[in-house]
Amino acid sequence: MDTSRITSFVSGLWDAEIVPQLVEYIRIPNKSPMFDAQWREHGYMDQAVTLMETWARSKLPAFDGATLEVVRLEGRTPLIYIDVPAQGMNGDKGTDETVVLYGHLDKQPEMTGWADDLGPWTPVIKGDKLYGRGGADDGYAIFGSLAALLALRDQGVPHARCVILIEACEESGSYDLPYYVDHLADRIGDPALVVCLDSGCGNYDQLWLTTSLRGMTGGNLTVQVLEEGVHSGDASGVVPSSFRILRQILGRLEDPATGRILPKELYVEIPPQRVEQARRSAEVLGTAVYDKFPFVEGMTPVSDDLTELVLNRTWRPQLAVTGVGGMPPLDSAGNVLRPKTAVKLSLRVPPTLSGAEAGRFLKQLLEKDPPYGAKVSFALEKDGSGWNAPALSPWLEEAVAQASEDYFGQPAAYMGEGGSIPFMGMLGEKFPKAQFLITGVLGPHSNAHGPNEFLHIPTGKRVSMLVASVVARHFQEAAKA
């Protein structure tokens, strides 16, 4: 395989077709169902599916016998299913193994704070960055996956059967995906290699492989003390503030001074290999571990120990309050003791901790023994387990190392990610013998889910090239068996 030709082919396809397609995709506000309860009526999800389906169908004639289907189970978000049969050369004995390539097309909501010339649904190219919601997380996945296979086809390089799965529910916890995997189980088969392009990278200078993903649980915590608001001068000192009670309850979960999660039930023993990988990642990245975040002037991270910061982000539980209810805007907040306060909690949990068990524990912890007899409820919205990667086979480790040198000119790096990809945990359970290649383009300042999100186009190209090389190497190893 000629890697320089792979580079030229993939780069050309990105410039000529993929970037323009992503520009149009970013314009579509196809928010995940958790953030758009009327996603069916609005039709944006179907628009995104149609855009990707149309482009992908135009490329399928390059492969012998390839098919595409938009699968729609009743009451669920759609899924794009592409089946590319094994493509071989004369004399190759071939393989009956399957490679699964995964991505998603649903998006996070708008978020505030975008720069004046940017916006979630306003694609803008500045230099080598494409700004807008969803390009990097994870709209490029279907284009990058097919670009990799097309690059192999361009040279007549053989590869195993490849199945591309693009779901539309990932940002809501992938609650529809298990139904599709079960529905398509006979067609998918038993994958030997799973490739996921929905992860991050520590920098844009080298290839980063994701070794673990945290799980998460969360929901809405509500504290109610009154049936209606009352004059604060009359009630304060008599009626306990719902906000104070809420702070007290959250103190059961999180140390307010340090942010450390308190219950030992939410921790696991971190494998020594992951601790060592965190140390090496901290050495590679240096202060980029935290410099990538837009701190206000004078702000510091929670620790000056870089390894501890990496472990905090990848293997330890952490809490974020992502929404507030029951509070009027500042310009209309009168002197009223409010009847209730509600917050949306997002609790990241260690990769090997059961998300379901963490959710049950969290609900019990927050609701028990309410102070002053207040009405306290925690409505669990989601719980998903994390994932800890199995050891890489020697061939895959070698393939990754070589591809990183070929396309990035640097050694590969390994690090856990703090986010969640529910699909990985599910597939890890269903296919315990599969090898996993998890990577992505979400690097410094790319700001997925937040304002000014961008796709670093050169990294998208290089990741596509990596996939081509790994899929080709997989065929070589499988054909030996």
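In the predicted model, the sulfur of Cys162 lies 15 Å from the closest cysteine sulfur, which belongs to Cys196, and this separation is too far for a bond. The sulfur of Cys169 likewise has its closest cysteine sulfur in Cys196, at 15 Å, so that a bond is ruled out for Cys169 as well. A disulfide would require the two sulfur atoms to be within 2.5 Å, and the structure as a whole holds zero disulfides. Cys162 counts as buried because its relative accessible area is 0%, and Cys169, with a relative accessible area of 0%, is also assigned to the buried class.

Strand β6 comprises residues 161–167 and includes Glu167. The relative accessibility of Glu167 is 2%, and this residue therefore counts as buried, the limit for that class being under 20%. When neighbours within four places in sequence are set aside, the contacts of Glu167 are with Pro78 and Leu79, with the run of Tyr102, Gly103, His104, Leu105 and Asp106, and with Ser174 and Leu177. With one of these residues, Tyr102, the contact involves a polar pair, in which the side chain of Glu167 and the side chain of Tyr102 are 2.5 Å apart. Between the C-alpha atoms of Glu167 and Pro20, by comparison, the separation is 21 Å, the two residues being 147 residues apart along the chain.

Helix α1, which spans residues 3–26, contains a kink of about 50° centred on Trp14. Trp14 is itself one of the buried residues of α1, a set that also contains Ile6, Val10, Ser11 and Leu13.

At the level of the whole chain, 15 helices and 18 strands are present. The C-alpha trace extends over about 85 × 50 × 45 Å along its principal axes. Of the 481 residues, 53% count as buried, while the chain exposes about 20,600 Å², of which 50% is supplied by carbon and sulfur atoms. Among the contacts in the chain with a separation of 6 or more, 81% are accounted for by residues 24 or more positions apart.

Terms used
Residues numbered from 1 in each chain as written. Predicted model: local features only at pLDDT ≥ 70, side-chain atom pairs only at ≥ 80, totals over all residues. Heavy atoms only, no water. Helix = DSSP H or I, 4+ residues; strand = E, 2+ residues; numbered from the N terminus. Buried < 20%, exposed > 50% of the residue type's maximum accessible area, 1.4 Å probe, protein only. Contact = heavy atoms within 4.5 Å. Polar contact = N/O pair within 3.5 Å; in protein donor to acceptor, adjacent residues only side chain to side chain. Bend = angle between axes of the 7 residues up to and from the residue. Areas by Shrake-Rupley, 256 points an atom, 1.4 Å probe, with all protein chains shown as cover.
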